[in-house]
Amino acid sequence: ERSERLSTGTAEIEITSLSKVFGAGASGFRALSDIDLTIRQGEFFTLLGPSGCGKTTLLRVIAGFEQPTEGSLRINGKEVAGEGPNSRPVNTVFQNYALFPHMSVAQNIGFGLKMLGRARSEIDATVAEMLKLVQMEAMAERKPAEISGGQQQRVALARALAPRPRVLLLDEPLSALDLKLRKGMQTELKRLQGETGITFVFVTHDQEEALTMSDRIAVMSAGRILQTGSPHQIYHTPRERFVADFIGDTNFLQVEVAGVDGDGAQVKLPGGAVHRARLPQGMRPDTGARVTVVIRPEQAQLVAPGQGALAAQVEKSVFFGTDTHVHLRLPGDAPFILRRQNTGALAEPDPGSTVGLALAEGA
Ligand code: ATP
């Protein structure tokens with residue numbers, strides 16, 4: 001797997017029982033609760049969650065701009081909780097990446113190195129290397145006002161990478177860019193991370209961005225980490241309803257466990273058919289337990305009435321161009337959304353008609 005190849009498996013950041021409370025006494029606000037997290041060397045690691053869940057606070061604690069109220073934070077094996085930002089091998093790219101307007105692109109990139117008192121020759125060599133890395137060599141002498149938003153973002157990245165931090169923290173760095181530029185910069189960021197081998201900790205509330213870019217993702221809600229795993233694990237085997245719901249469209253089915261085998265469980269669907277569902281890592285429900293299974297809209301297919309694992313009634317179909325969403329009702333009135341790719345001229349099922357649903361194996 002990609003994450004195995006890129007990261008050495010050595011811990012870069014180890015966070016244990018960490019919490020952060022803003023303010024004191026009864027008016028104190030617990031922004032982070034009991035965070036346990038290990039980020040590996042060379043990993044592209046993403047903190048994902050809705051607005052206000054504590055992503056930025058966790059990033060600022062790692063950077064040293066905020067101190068944890070409790071717990072331990074080790075970077076490259078060294079305890080840094082309680083220490084300021086300058087003692088950490090970490091650099092940050094913020095959402096508002098304000099470049100110095102009176103300095104050229106090259107001067108902006110070299111600024112951090114100058115502050116560190118590096119020799120002129122070393123600064124020049126590093127700036128040249130960084131300009132090449134972010135493909136801005138031709139614009140080295142321009143001022144920030146004379147380049148585009150996407151180019152400014154690349155300069156901000158080069159500036160943060162120039163001192164060669166072990167860890168780069170990125171707080172929604174692409175959110176100011178329009179959709180097309182954003183897609184381009186996602187690819188660019190991935191490439192930069194691969195070429196430099198630096199550990200990236202990336203904050204976003206955009207689930208698609210998290211799925212496409214990350215080696216691993218931590219999903220956060222209300223100051224807690226709900227689940228950590230690869231994009232595949234987070235998407236296909238969410239441990240909690242919140243995680244499933246936050247990552248894409250989904251259907252929830254209440255079922256009874258008929259038996260467990262390896263990484264899967266046989267579950268009894270409404271209507272009685274048995275289906276094999278994949279289990280989240282480390283989860284082993286008892287036979288007879290009532291559990292919720294997650295079925296993604298693309299994991300079900302329409303089949304003839306009486307066939308497939310479930311019977312359903314068609315409510316309506318919504319055409320999206322590349323695909324069509326079919327809204328259905330299961331026995332017991334549970335809603336179910338199915339997504340069909342429009343690869344051919346598929347007839348849309350009649351509203352009110354009864355259909356069968358076949359489920360992908362291991363859905
Ligand atoms: P967003 O995606 O909107 O940036 P976030 O997940 O990054 O959200 P944080 O900025 O980490 O969220 O904030 C988490 C919670 O902590 C919020 O409820 C916020 O109001 C609160 N908070 C953040 N900083 C402070 C502070 N200095 N004092 C008091 N409360 C704070």
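Helices here are DSSP runs of H or I with at least four residues, strands are runs of E with at least two, and both are numbered from the N terminus.

Before going on, a word on what we are looking at. This is a predicted model, in which local features need pLDDT of at least 70 and side-chain atom pairs count only at pLDDT 80 or more, while totals for chains, interfaces and linings use all residues. Residues are numbered from 1 along each chain as its sequence is written.

Now the overall view. The protein has 9 helices and 19 strands, and its C-alpha trace spans about 75 × 50 × 40 Å along the principal axes. Of its 363 residues, 35% count as buried. Buried means that 20 or more other C-beta atoms lie within 10 Å of the residue's own; with 12 or fewer a residue is exposed, in between it is partly exposed, and the C-beta atoms are placed from the backbone.

The domain assignment gives domain 1 as 2-236 and domain 2 as 249-359; such bounds come from an automatic or database assignment. Taken over C-alpha atoms, the two domain centres are separated by 39 Å. From UniProt, in an unreviewed entry, comes the annotation "domain: ABC transporter" for residues 13-247. UniProt positions follow the numbering used here, feature names are shortened, and annotations may be inferred rather than shown by experiment. Over residues 13-247 the chain is 36% helix and 26% strand, with 25 Å between the end C-alpha atoms.

Which residues of helix 2 are buried? Across residues 55-63, they are Lys55, Thr57, Leu58, Leu59, Val61 and Ile62. Around the ligand we find Phe22, Phe29, Ala31, Gly49, Ser51, Gly52, Cys53, Gly54, Lys55, Thr56, Thr57 and His205. To be in that shell, a residue needs its C-beta atom, placed from the backbone, within 6 Å of the molecule. Helix 2 gives the largest share of the shell, 3 residues, and strand 2 (29-40), like helix 2, supplies at least two. By type, the shell divides into 4 nonpolar, 7 polar and 1 charged. Nonpolar covers Ala, Val, Leu, Ile, Met, Phe, Trp, Tyr, Cys and Pro; charged covers Asp, Glu, Lys and Arg; the others, Gly among them, are polar.

Next, please turn to strand 9, residues 216-221. Why is strand 9 described as largely enclosed by the rest of the structure? Because 5 of its 6 residues are buried. Strand 3 (residues 44-48) runs parallel to strand 9, joined by 4 bridges, and Phe45 has Arg216 as its bridge partner there. Two strands pair if DSSP finds at least two bridges between them. Strand 10 (residues 224-229) is antiparallel to strand 9, with 5 bridges. Ala218 is partnered by Thr228, and Val219 stands opposite Gln227. In the hairpin of strands 9 and 10, with 2 residues between the strands, Ala222 takes a positive phi near 45°.

Most residues other than glycine have a negative phi. Gln135, however, has a positive phi near 55°; it sits in the loop between helix 4 (120-133) and helix 5 (149-161), and with 13 C-beta neighbours inside 10 Å it counts as partly exposed. Glu172 has a positive phi near 40° and lies in the loop between strand 7 (167-171) and helix 6. Glu172 counts as partly exposed because it has 19 C-beta neighbours inside 10 Å.

Thanks, everyone!
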